[in-house]
Amino acid sequence: MDTLIGRLLISALFIVSGIWKITHFSTTAAYMVRTGNLTGALTELDKVKPFEDATMAKLWPAYLRGQIYLARKEPTRAVPEFQHVIDHRSESSDSLLYPMSLLGRARAASAAGERSTAEQYYGQLFEMWRDADKDLEPLVEATREALLLH
């Protein structure tokens with residue numbers, strides 16, 4: 001009985017520790033992005049890699065990493081990060097990160113000169129948001145960017 005209780009306590013501590021690390025380092029990374037410290041933000045996100053595929057991460061580290069790579073003008077490095085969120089949509093199906101990753105993926109493709117791929121992802125985003133408010137800022141930006149592809 002004591003062994004079982006001990007294992008349960010260790011498991012609980014690991015979960016709490018993982019949640020704290022994901023929250024702390026992701027929040028710190030987001031702050032660093034906001035203040036322009038992109039390299040520092042990537043370093044912070046590296047600290048959550050062991051927990052990144054856990055449900056509790058909600059795909060934030062991959063999304064933030066994709067945004068950082070776009071900001072650093074490294075679209076080919078951004079692609080797998082946004083694609084990870086897209087491919088794992090079922091892990092957080094109601095998350096805004098899915099459509100925002102479609103937008104990020106489209107932007108990365110556009111920046112890499114992959115026009116048809118960019119059009120594909122913009123198209124998926126527009127289909128998903130066909131009933132969204134027309135003045136939704138990411139939708140307005142995406143529409144403007146997609147028009148520039150032609």
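Tutor: Exposed means over 50% relative accessible area, buried under 20%. Keep in mind that this is a predicted model.

Student: Why does K73 count as exposed?

Tutor: K73 has 72% relative accessibility. The cut-off for exposed is over 50%. Therefore K73 counts as exposed. K73 sits in the loop between α3 (60–71) and α4.

Student: What does the side chain of S95 reach?

Tutor: The backbone nitrogen of L97, at 2.9 Å. The limit for a polar contact is 3.5 Å.

Student: How do you know that the length of α6 agrees with its 14 residues?

Tutor: Take 1.5 Å a residue. The 14 residues of α6 should then span 20 Å. The end C-alpha atoms of α6 are 20 Å apart, so the two agree.

Student: Which residues of α6 are buried?

Tutor: T117, A118, Y121, Y122 and L125.

Student: How do you know that the buried residues line one face of the helix α6?

Tutor: Look down the axis of α6. The buried residues fall within an arc of 130 degrees, so they line one face.

Student: What do the buried residues of α6 pack against?

Tutor: They pack against α4 (75–87), α5 (97–111) and α7 (137–148).

Student: What pattern does the protein follow along the sequence?

Tutor: The pattern is α-α-α-α-α-α-α. The protein has seven helices and zero strands. Of its 150 residues, 41% count as buried.

Student: Which helix has the highest mean pLDDT, and which the lowest?

Tutor: Helix α6 (residues 115–128) has the highest, 97. Helix α1 (residues 2–34) has the lowest, 67. The protein averages a pLDDT of 86.

Student: Where does pLDDT stay under 50?

Tutor: Over residues 11–16. The model has two contacts beyond four places in sequence for that stretch. Where pLDDT is low, the predicted coordinates should not be read in detail.

Note on methods. Residues numbered from 1 in each chain as written. Predicted model: local features only at pLDDT ≥ 70, side-chain atom pairs only at ≥ 80, totals over all residues. Heavy atoms only, no water. pLDDT = per-residue confidence, 0-100. Helix = DSSP H or I, 4+ residues; strand = E, 2+ residues; numbered from the N terminus. Contact = heavy atoms within 4.5 Å. Expected span 1.5 Å × (residues − 1). Buried < 20%, exposed > 50% of the residue type's maximum accessible area, 1.4 Å probe, protein only. Arc of directions from axis to C-beta. Polar contact = N/O pair within 3.5 Å; in protein donor to acceptor, adjacent residues only side chain to side chain.
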